[in-house]
Amino acid sequence: MTRILQIDSSPLGAASVTRQLTASIVEALRKADPAAELAYRDVAANPPDHLSGELLQVVKFRNLDGLNDRQKAELALTDELVEEFLAADVVVIGAPMYNFSIPTQLKAWIDRLAQVGRTFRYTEKGPEGLAGGKRVIVASGRGGVYSSNPALAGLDHQEAYLRTVLGFFGITDVSFVRAEGVGMGPDAKAAAFAKADETIESLFAAA
């Protein structure tokens, strides 16, 4: 049975471009595999706390002596997020571009996933990803057009970061479904959705 994990990170609700795209991607996945199991997490509605110095000691460095109730809860949440991610065969991530990067809530989720010995490890030859073998499809929403404009490519710290961190985790099967130019007027937005629909169709036609 295929296990799908859907992550939404836009706080815009029904007005969100990426939420519409993740829903379409998951629909296509479940059409291809009706028996697929879906886990859903909305990190905008329920964002993990950012890693303060206190939380770094607990959830990253695993200093576990004398934990208070909050620290125990944060440790349990971190382990839940990592286990949920590792259990998935396909991860669908809604990632709007905010100020050339990703929403802070999505970054907080990724920071919890980065666990030595679980999603990566260091060896004498350097870091090694431990979360390979899964497929990731990123629904990317962007007000401007970056992928086809060399002059703007250097401003993209959204998709570039996601490729880097997923690769660090050992994941190489990463696809992007883009809706670009959605801030450039109604016609451009409609064209962006049409192109995104074509990308989704092509992803599953190839499969």
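Which elements do the buried residues of α4 pack against? The views below start there and then move to other parts of this predicted model.

**View 1. Helix α4 and its surroundings.**
The buried residues of α4 pack against β1, β2 (37–42), α2 (53–60), α3, β3 and α6. This helix is mostly covered, with 7 of its 10 residues buried. To find them, look for Gln105, Leu106, Ala108, Trp109, Ile110, Arg112 and Leu113.

**View 2. Trp109 and its contacts.**
Let us zoom in on one of the buried residues of α4, Trp109. Setting aside neighbours within four places in sequence, Trp109 is in contact with Leu5, Ile7, Arg41, Val43, Pro48, Leu81, Phe85, Val91 and Ile93. Trp109 also belongs to the largest nonpolar core, shown in the next view.

**View 3. The largest nonpolar core.**
How many residues make up the largest nonpolar core? There are 27, and the ones that touch the most other members are Phe85, Val91, Leu106, Trp109, Val136, Phe169 and Ile171. At least two residues of this core come from each of β1 (3–8), α3 (69–87), β3 (90–96), α4 (104–113), β6 (135–142), α6 (159–168) and β7. Helix α4 gives the most, with 4 residues. Apart from this core lies another, of 21 residues, and among them are Ile25, Val92, Ala179 and Val182.

Rolling a probe the size of a water molecule over the atoms shows where empty space is left. The largest cavity found here has a volume of about 40 Å³. Its lining is made of Ile93, Trp109, Ile110, Leu113, Leu162, Val165, Leu166 and Phe169. The elements giving two or more residues to this lining are α4 and α6. By class, the lining has 8 nonpolar residues, with no polar and no charged ones.

**View 4. The largest pocket.**
Which residues line the largest pocket? They are Val145, Ser147, Ser148, Phe176, Arg178, Ala179, Glu180, Ala188, Ala191, Ala192, Lys195 and Thr199. The elements that give two or more residues to this lining are β7 (173–180) and α7 (186–206). The largest share, 5 residues, comes from α7. About 230 Å³ of space lies in this pocket. Its lining residues divide into 6 nonpolar, 3 polar and 3 charged, whereas the lining of the largest cavity has no polar and no charged residues.

**View 5. Lys189 in helix α7.**
Staying with α7, we come to Lys189, which sits in this helix. Is Lys189 buried or partly exposed? Lys189 counts as partly exposed because its relative accessibility is 32%. Not counting residues up to four places away in sequence, Lys189 touches Val17, Gly181 and Val182. Val182 is also one of the members of the 21-residue core. Along the chain, Lys189 and Gly143 are 46 residues apart, while their C-alpha atoms are separated by 8.8 Å.

**View 6. The hairpin of β4 and β5.**
Strands β4 (residues 120–123) and β5 (residues 126–129) run antiparallel and are joined by 4 bridges. A hairpin through 2 residues connects β4 to β5.

Arg62 is in the loop between α2 and α3. Although Arg62 is not a glycine, its phi is positive, about 55°. Arg62 is partly exposed, with a relative accessible area of 31%.

Phe100 lies in the loop between β3 and α4. Its phi is near 75°, again a positive value in a residue other than glycine. At 36% relative accessibility, Phe100 counts as partly exposed.

Thr172 belongs to the loop between α6 and β7. Thr172 counts as exposed because its relative accessibility is 75%. From Thr172 to Asp8 the distance is 21 Å, C-alpha to C-alpha, and the two are 164 residues apart in sequence.

Notes: Residues numbered from 1 in each chain as written. Predicted model: local features only at pLDDT ≥ 70, side-chain atom pairs only at ≥ 80, totals over all residues. Heavy atoms only, no water. 1 Å grid on protein atoms, 1.4 Å probe; cavity = no way out; pocket = protein on both sides within 12 Å on 5 of 7 lines; lining within 4 Å. Points joined across faces, edges and corners; volume = space filled by probe spheres on them. Nonpolar A, V, L, I, M, F, W, Y, C, P; charged D, E, K, R; others polar. Core = buried A, V, L, I, M, F, W, Y, C linked by side-chain atoms within 4.5 Å. Buried < 20%, exposed > 50% of the residue type's maximum accessible area, 1.4 Å probe, protein only. Contact = heavy atoms within 4.5 Å. Pairing = 2+ DSSP bridges.
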